[in-house]
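I opened my notebook for this one and jotted down what I looked up, entry by entry.

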Amino acid sequence: MIPSDFVDELLQKVDIVDVIDEAVPLKKGGQNYLACCPFHKEKTASFTVSPSKQFYHCFSCGAHGSAIGFMMEYHGLSFVDAVERLAERVSLHVPHVNNGPAVDPSIKKAKQEKKLALQDTTRIAADYYAQQLPQYPRASAYIAKRGLNAQTIEQYQIGYAPDAWQALQDAFKQNYVHPLLEEAGLVIAKEDKRYDRFRDRLMFPIRNAIGQVIGFGGRVLDKGEPKYLNSPETPLFDKGSELYGLFEGKAAIKETSRVLVVEGYMDVVALAQHGVGYAVATLGTATSATHIKTLMRHSDKLYFCFDGDQAGHKAAWRALENALPLLKDDKALSFLFLPDGEDPDSYISQHGKQSFESLLIEKSQPLSEYLFAKLCAPLDLNQREHQARLAQQASGLIEQVKNAPALSLLMKQSLMRLTGLDRHDLASLMGESTKNIPIKAKSYRLPSMPAQVISHSLVQNQIMWLLINPNWASYIDLPDYWPLQDDYACLADLADTIKSAPQSMNTVHILESMRGSIHADTINQLMRHASQNMDNFVYRSPEDEQGFQDGMQKLYKELKAQQIQNLLAKSNTVGLSDDENRLLVALISGKP
C-alpha cells in the first residue's frame with residue numbers, strides 16, 4: 001500500500017501540464033490549456049487542463065482527474081504503476097506499507113493543513129516583498145541600474161526585503177511570532193530574539209513545478225557577503241532538486257527546444273528580459289543528477305553556461321560527472337565558457353540576444369569534446385606516461401555512459417586515437433570482453449552478417465555500416481527514378497543527409513539529424529544492433545571499405561532488376577508512358 005501522504009506530496013511536485021502534453025499536444029487558451037479529448041473522438045477541443053488546479057476535464061464526455069488519473073486512464077496503468085511512473089519523473093522513492101496500522105485521519109489532516117499553511121506563509125511573504133520594491137528608492141535605483149523593466153519584475157515577482165530586523169511583522173502582524181515563519185525559513189529565532197532572515201536584499205521567489213512559492217533567494221544590493229542567500233531546507237523547499245526560473249521558462253523551453261543552466265538569479269532574469277527565456281539556475285548548489293533528470297524531461301538540448309575562471313570549470317566538471325550515467329543518444333549536453341569578466345547578464349546586456357545565442361550555439365563544446373579537452377589540457381600526449389594517465393582517467397568516465405551506446409562508442413574511438421590503444425587493449429582496460437578476430441586472407445568481402453539470432457538484409461547491413469562510417473556516403477548514388485521504399489528509402493535519405501551537411505558528420509550528429517524523421521525507428525533499431533556488435537562494423541582495413549562498395553553495387557543490380565520487372569508488368573497491363581518506355585529501354589540496354 002502506498003501511503004496517502006506520499007501521494008499528496010507527489011501531486012505537489014509533478015506538473016499535470018507536462019504529463020499530459022507528452023501524450024496529447026496542448027495549446028494555451030487563457031489560463032488553461034486545451035486539446036481534443038483523448039478519450040473520445042471530437043473535432044472541437046473540449047478537453048482542458050488547469051495548471052493552477054492540477055486537474056483535467058473534458059466538457060464533452062466528462063472525463064476528469066489528476067495526473068495519476070490521467071496516467072491510469074490514458075496509458076492503462078494500475079494505480080501503483082501510475083504512481084511509480086510519476087515518482088520517477090521527480091526522483092521520488094515510492095514507499096510501500098505492508099498491512100501496517102492505518103494512519104490516523106487526524107494526523108493526515110494535520111499534515112495537510114500544515115503544508116497548506118506553509119504555502120500561504122511563503123505566498124504572503126512574496127506578495128509583501130513585491131509591494132516593498134517600489135517604495136524604497138535605493139532598491140528601485142538598483143533595479144533601474146540593472147535594466148529590469150516592469151514586465152520582467154512582474155513575471156518573476158521580484159521584490160525587496162527592507163533593511164529592518166522585523167520587517168515581516170508588517171505582513172504577518174500578530175502572527176509574526178508563529179512557528180510557521182521559522183519552518184518556512186523566513187524568520188530566525190535565537191534565544192529570546194526573532195528577526196527576519198532576509199534583510200536589505202533583492203528578493204527572488206522560487207517556485208515549484210506548479211508555480212507555488214516554496215522558498216526565496218535574496219541578493220545584496222551593494223557589496224556584501226554572501227552575495228546570494230537562499231532559504232534553508234524546509235518541508236516545501238529542497239534546494240538540491242529545485243531550479244530557479246523553470247516554472248517561468250517552461251513556454252520558452254518548449255518553443256526553442258533547449259534549456260540553459262546559468263549560475264545566478266540575475267542571469268536568469270536578465271536573459272529573459274532580452275528574449276532568452278529558457279534559462280534556469282541552480283540554488284547555490286552544484287548541478288545534481290536530479291537537476292539533470294528534470295531538465296532532460298523538458299528538453300533534448302541542455303546548455304551549461306559558466307564563467308571561464310577556475311570556479312566555472314569546476315562547476316562544469318561537476319555537472320559533467322553527474323550527467324554521464326544519464327546520457328542518451330538523443331540528448332545533447334554542451335558547455336559554454338564566457339570571456340573573462342563576463343557573465344550572461346553583462347554579456348547579453350552589452351551584445352544583445354542574437355550575439356548571445358550565436359555564441360551559445362556556435363561556441364559551446366559538446367560534453368564529449370569538453371571531457372577530452374579538460375583531461376588533455378595538462379598532458380603531453382607524446383609521453384607514454386601521459387597517454388596512460390589519459391587512458392586511465394577517460395576510461396573510468398566512459399564506463400559510466402551506459403545508456404548512450406553510440407556516444408560511448410565514439411568516445412572510445414576518440415580515446416583510442418589519442419592514446420594509440422587498440423580496441424582489445426581498451427576493452428581489457430575497461431573490463432570488457434571482445435571477440436578474437438582471425439587474420440583474413442587478402443580478398444574483398446561484402447559486409448558480414450552479424451553473428452546474431454536476428455538476421456539482417458543487405459540494405460540493413462549497409463545502413464549499419466554507414467552509421468558507423470559516415471564518410472562512406474560518397475559511395476551511394478541512388479537515381480531519382482528508382483521508386484525507393486522502406487529500408488532502401490532509409491539508406492538513400494541517410495546518405496543525402498550526410499552529404500548535404502555543411503561539415504562532416506559523426507554517428508551522434510546523424511542520429512540527432514534523423515531524430516523525428518520517418519526513418520527514426522529503423523535507424524535507432526539498427527544502431528542499437530550495430531553498437532552491440534561493433535566488431536562487425538568498425539573499419540579495420542581497406543577491404544571493409546571495398547566490401548561496402550561491393551555491397552552497394554549488388555544493391556544497384558537488385559534495384560535495377562526490380563525496376564525492369566515493375567515496368568514490364570505495367571507494360572503488360574495498363575501500358576507505359578513515353579518517359580517510362582525510354583527508361584525501360586535504357587535500363588535493359590545498361591545505359592543508366
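Which residues does UniProt give for the feature "zinc finger region: CHC2-type"? The unreviewed entry places this feature at residues 37-61; UniProt positions follow the numbering used here, feature names are shortened, and annotations may be inferred rather than shown by experiment.

I note that this is a predicted model, where local features need pLDDT of at least 70, side-chain atom pairs count only at pLDDT 80 or more, and totals for chains, interfaces and linings use all residues. Residues are numbered from 1 along each chain as its sequence is written, and side-chain values use heavy atoms, leaving out hydrogens and water.

I checked the span 37-61: its end C-alpha atoms lie 8 Å apart, with 0% helix and 32% strand (helices, H or I of at least four residues, and strands, E of at least two, are DSSP runs numbered from the N terminus).

Next I looked at an open sheet of four strands, with the order β6-β9-β10-β11 and antiparallel pairing (two strands pair if DSSP finds at least two bridges between them). β6 (159-161) and β11 (228-230) are at the edges with a single partner strand each, so one side of each has no neighbour in the sheet. I found three bridges between β10 (213-220) and β11, and G217 has N230 in β11 as its bridge partner.

Then I turned to α17 (384-398). Its buried residues include H386, L390 and I398, while E385 and Q392 are exposed on the face turned away from the buried side (buried is under 20% relative accessible area, exposed over 50%, partly exposed in between, with a 1.4 Å probe and protein chains only). The buried residues of α17 pack against α13, α16, α18 and α19 (contact means heavy atoms within 4.5 Å).
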